[in-house]
Structures are given as C-alpha cells and as structure tokens.
Amino acid sequence: MNSGTYTPRPGAAPVGRMIAAQAALETRMLLRNGEQLLLTVVIPSLLLVLFSTVDIVDTGGGAAVDFLAPGVLALAVMSTAFTGQAIATGFERRYGVLKRLGASPLPRWALMAAKTLAVLVTEVLQVLLLTAIALALGWSPQGSPFAVLLLLVAGTAAFSGLGLLMAGTLRAEATLAAANLVFLLLLVGGGVVVPLDRFPDAARAALEWLPITALSGGLRDVLQDGAGMPWGALGVLAVWAAAGLGAAARFFRWE
C-alpha cells in the first residue's frame, strides 16, 4: 500500500464550488422559512387570485389579470430580493453569522454572490408558480421574453442593493420593521394592484421614480401592451441598482 494514500490535503475548495454550496444552503434555508414563504409565495399568489376574481380595484379595460399579473411578478421580485433578503441578512449580522462566515475561506464577495444566486433561484420558482396561476385565470401575456428577463434581472439588482444596504446599516429589529413597512407601502403605491392614475398628479410624478413602479410598469408595458424594450423603466432600475449596490458595498457593516 502506498504510504501517501491517506495523506490529507488541507486547503480551501475552489471558489466556484464554495459559492455553489453556499447558494444551495441559502436557498434551502429560505424555502424552509415559513415567514419567508409567506412573503415570497403566499401573499403574491393570494393577491393575484383575489384581485383577479373579485372586482375590488378598477384596473381599466380588459381582463383584470392582464393588469395584475405583471404587477404581482414585480412584487414577487421585491419580496425576495429586498424584503426577505434584508430581514434574513440583518439577523445573520446580529447573531454573528456573517462575521463567522467572513472569517471562513469563503471570500466576502463570494458570500454576497451566493446570496444573489439564492435570490435568483427563488425568483425563478416564484415566476413559474405565478405564471401558472395567472394563465389558469385567463392571462394572455404578450411582448418579448428577453425584455421581461432583462427587467426582472435589473429589478433584482436594484432591490438586492437596497436590501443589503438596509441589512448592513440598521439594527436587525429596525430592518425587520422598515423592510415590512416599505413592502406594504410599495404594495399600495407602487402600481402593483392599484393603477397609478388613481393617485393625484403630484404623488404620481414622485411614485413613477420608485423601483417597484418602474419594474411593474415596464413589465406591464411589455406583457399587457406588447411594447418593445422599455428603456425608461430599465434606466430607472439601473440607477437604483448602481446606487443601492454601490452604497451597500461602501457602508455594509459585517458586525
């Protein structure tokens, strides 16, 4: 027998493998968390079914689900990339999880990459579920799938940056309260289920610059109206993404 057969080989795994393993762990933790599932799956699904089948809000001409489905897809992105990620990361920071992971062979940038991958995997599952529900309700999507994909990616970047900024600068309890409050406010005022033309002109002018409004409006332009690439909405999301991710990289505290 070769004496070197059982010689240990200490050292860190390749970065790609570490990111994949951490992303798989983050995804499993997210999907096993009841509160996270409430935000990411239950609330968007209930809103889509309820407002599509019960005449609560005047969504204009055409089937209600054609107006609601793009907005609920935008809400799903916000619930995962912003609200869920901010709360989970905030409490990981409070309990010292991030500090310990930061001292592991996994680089800090790779940890953020793993969290982003977990968000993207969750969003794929959300989109598939909500699309199936909307189609069952009679949804007739139009437009370019590539434009939709680009909007979802830009929205994810924008909300991830804002969520990480909040989680890395506020106390965990403050993050929990602020993230849920922002979720509720943007649900009502972000063009998700209530058309923006129901708001006063001054309020509407301000609301149009919010990332949730840009995402829901851009998705609606493509999926409901069959428009081309919504460059205006993409521009707003790109600005929010650059500002949020830049500020998170600058001000995020690991302890």
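Student: How many nonpolar, polar and charged residues are in the lining of the largest cavity?

Tutor: The model is a predicted one. Leu-48, Ala-69, Val-72, Leu-73, Leu-130, Thr-131, Ala-134 and Trp-139 line the largest cavity. The division is seven nonpolar, one polar and no charged residues.

Student: Which helix gives the most to the lining of the largest pocket?

Tutor: The largest pocket has a volume of about 460 Å³ and is lined by 24 residues, with Asn-33, Gln-36, Gly-84, Ala-88 and Glu-92 nearest its centre. At least two lining residues come from each of α1 (15-32), α2 (34-53), α3 (64-94), α4 (97-102), α5 (108-136) and α7 (172-189). The greatest contribution, seven residues, is that of α3.

Student: How many charged residues does the lining of the largest pocket have?

Tutor: Glu-92 is one of the residues nearest the centre of this pocket, and Glu counts as charged. The lining also has 13 nonpolar and seven polar residues. The number of charged residues is four.

Student: Which helix provides the largest share of the lining of the second largest pocket?

Tutor: This pocket has a volume of about 250 Å³. Its lining comprises 17 residues, of which Leu-196, Ser-216, Gly-217, Arg-220 and Asp-221 lie nearest its centre; by class there are six nonpolar, seven polar and four charged. The largest share, seven residues, comes from residues 211-223, helix α9.

Student: The charged end of Arg-220 sits over the ring of which residue?

Tutor: Arg-220 is among the residues nearest the centre of the second largest pocket. Its charged end is 3.8 Å from the centre of a ring. That ring belongs to Phe-67.

Student: Is the pair of Phe-82 and Phe-159 stacked, edge-to-face or tilted?

Tutor: A search of the whole structure finds three aromatic pairs. In this one the ring centres are 6.5 Å apart and the planes lie at 55 degrees. Planes under 30 degrees apart would count as stacked and those over 60 as edge-to-face, so the pair is tilted.

Student: Are Phe-252 and Trp-254 buried or exposed?

Tutor: Phe-252 and Trp-254 form an edge-to-face pair, 5.3 Å centre to centre with 70 degrees between the planes. Relative accessibility is 13% for Phe-252 and 15% for Trp-254. Since the limit is under 20%, both residues count as buried.

Student: What percentage of the chain over residues 117-140 is helix?

Tutor: The unreviewed UniProt entry annotates residues 117-140 as one of its transmembrane regions. The end C-alpha atoms of this stretch are 30 Å apart, and its strand content is 0%. The helix content is 83%.

Technical notes. Residues are numbered from 1 along each chain as its sequence is written. This is a predicted model: local features need pLDDT of at least 70, side-chain atom pairs count only at pLDDT 80 or more; totals for chains, interfaces and linings use all residues. Side-chain values use heavy atoms; hydrogens and water are left out. On a 1 Å grid over the protein atoms alone, a cavity is a set of points where a 1.4 Å probe fits but cannot get out, and a pocket is an open set with protein on both sides within 12 Å along at least five of seven lines; lining residues have an atom within 4 Å of a point. Grid points are joined across faces, edges and corners, and a volume is the space filled by probe spheres set on the points. Helices (H or I, at least four residues) and strands (E, at least two) are DSSP runs, numbered from the N terminus. Rings of Phe, Tyr and Trp (its six-membered ring) pair if their centres lie within 6.5 Å; planes under 30 degrees apart count as stacked, over 60 as edge-to-face and the rest as tilted. Buried means under 20% relative accessible area, exposed over 50%, partly exposed in between (1.4 Å probe, protein chains only). A charge sits over a ring if NZ of Lys or CZ of Arg is within 6 Å of the ring centre and within 35 degrees of the ring normal. UniProt positions are given in the numbering used here, feature names are shortened, and annotations may be inferred rather than shown by experiment.
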